[in-house]
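Student: Could you walk me through how some helices pack in this model? I'd like to take it one pair at a time.

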Amino acid sequence: MVFRKPPDGGWGWVIVLVSFFTQFLCYGSPLAVGVLYLEWLDAFGEGKGKTAWVGSLANGIGLLASPVCSICVSSFGARPVAIFSGFMVAGGLMMSSFAPNIYFLYVSYGIVVGLGCGLLYTATVTITCQYFDKRRGLALGLISTGSSVGLFIYAALQRELIELYGLDGCLLIVGALSLNILACGSLMRPLESSGSPPPEKPCVDKVADQYFVYHEKEKTVEENISILEKGYIDEKCVNNMPDCKQDSILNKNVLSSINVNEKDTYKKKVVEQTNFCKQLAKRKWQLYLTYWKETMVLFKNKVFSALFVAILLFDIGGFPPSLLMEDVARSANIIEDDYYMPLISIIGIMTTVGKLILGILADFKWVNTLYLYVTTLLMTGVALFAIPFAKSYLTLAMLSGILGFLTGNWSIFPYVTTKTVGIEKLTHAYGILMFFAGLGNSLGPPIVGWFYDWTQEYNTAFYFSGFCVLLGGFLLLLAALPCWNACTNQSSKLPPNTYSYKVASSA
């Protein structure tokens, strides 16, 4: 199929709408898993570190499996993947309501729901990029707020459902709501022109197809000969048993003499096909070598190496508050009657605001996006250090709002990656960075939970989280400073289409 030019509107706005609701429905529960985390602690009586694995897997497994998700969407299309993933998310949530222990939740909620969310995220981003070109940034910004709005609403919704129907009933109802993803996925009409002729295949693909067709034809001939031969022999054996063996030998000789030329031709083609497969395997191997060489070139860029460390440390330290803030309030003896709004809901709504405001700031020419991103990291580290000193709902709510706003720096992360490695290497670099972001998401909450299990208080855990985020921010700042670039001659060694950050430069 031949894809048409992105219309930047029309049905594309329907795609934006359904993608927004898709992310809202699939990420609402995993991002607001802090409400369920408290219930699982009471239900299974496991340690905080072990229980935190459920939420961290649900949020990290999709990023870890991002290469697999991309392959699935490229192979099958956004619509089939979205519908299939809707069943995964709904089924995983419903199965979690019957979990007999925490290990069952690792699979049902952590892996099944997490992988479904990863597939849905890739599908929504891919189909949106196909429909938008000039307004792609606006469209992606709109659909990305779906997860933040989902966090805001699902935090209060799941708490209310737990009070009315219990934990099991809450998961069943939330799973049923997720079935609406099927309706959203069915509207993800692929952007393609059915009337256009298919594109000309490359020569290599043509040769492969020719060999495949020939092989199938030859195989059919051989099968027909075998069938006729078998039928003739069986009939003779039934009618005349003594002559069965002699007729069989005679029949084989006749058939072999008739088809000797065809078999010689077939063997010749098999040899040619074998040589072609060897050349194709050699070519694929060269592609893999090229991929790893390009990866090594990326890591020679000091800004990219620091960015990879920063995103890993940021997710190890910055993600746990969204999962554990409710338990932090309970550990500080703050009763639920003092709550004006769930702390996780505050994080969700402020993340939406942060994505929009930081995204708008990144569009100004006088704003350096890398320094803006570093600023959000340093401020996040300071806010994490302040959590142990918060002893009231008001102070925790303020810190939750600040952390939520700063977590909106995800909206400017693609800008930073593009300016660091260039547009041509964006996909390659972004995939690597998202893998380590998923690793940080998966490890962060369990590490903080283990700290609590060892010390029986959250102070040390959040000091560790703040240190991780500050370390990543300072390393990235050091790598981006103009004096560092001047000392290492980094600007002369950067790969093509990359940018050297300077104080006076604009993003």
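**Helix packing**

Tutor: Let us begin with a contact, meaning heavy atoms within 4.5 Å: L343, I346, I347, M350, T351, V353, G354, I357 and L358 of α14 meet Y393, L396, A397, S400, G401, G404, F405 and T407 of α16. Please keep in mind that this is a predicted model, in which local features need pLDDT of at least 70 and side-chain atom pairs count only at pLDDT 80 or more, while totals for chains, interfaces and linings use all residues. Residues are numbered from 1 along each chain as its sequence is written, and side-chain values use heavy atoms, with hydrogens and water left out.

Student: OK, at what angle do α14 and α16 cross?

Tutor: The axes of α14 (residues 343–362) and α16 (residues 393–407) cross at roughly 35° and come within 6 Å, where axes are lines fitted to C-alpha atoms, for helices over the stretch in contact, and angles run from 0 to 180 degrees between N-to-C directions. Helices here are DSSP runs of H or I with at least four residues, numbered from the N terminus.

Student: And which classes of residue are in the contact of α14 with α16?

Tutor: That contact has 11 nonpolar, 6 polar and no charged residues, counting Ala, Val, Leu, Ile, Met, Phe, Trp, Tyr, Cys and Pro as nonpolar, Asp, Glu, Lys and Arg as charged, and the others, Gly among them, as polar.

Student: New pair: how do α2 and α13 pack?

Tutor: Helix α2 (residues 33–44) packs on helix α13 (residues 320–331) at an angle of about 55°, with the axes 6 Å apart. That makes α2 oblique to α13, because angles under 35 degrees count as roughly parallel, over 145 as roughly antiparallel, 65 to 115 as roughly perpendicular and the rest as oblique.

Student: Who makes that contact?

Tutor: On α2 the residues are V33, G34, Y37, L38, L41 and D42, and on α13 they are L323, L324, E326, D327 and R330. By class, this contact of α2 with α13 has 6 nonpolar, 1 polar and 4 charged residues.

Student: What about α5 and α6, what angle there?

Tutor: The axes of α5 (residues 78–96) and α6 (residues 102–131) cross at roughly 155° and come within 8 Å, and α5 and α6 are therefore roughly antiparallel to each other. Their contact has 18 nonpolar, 6 polar and no charged residues.

Conventions: Helix = DSSP H or I, 4+ residues; strand = E, 2+ residues; numbered from the N terminus.
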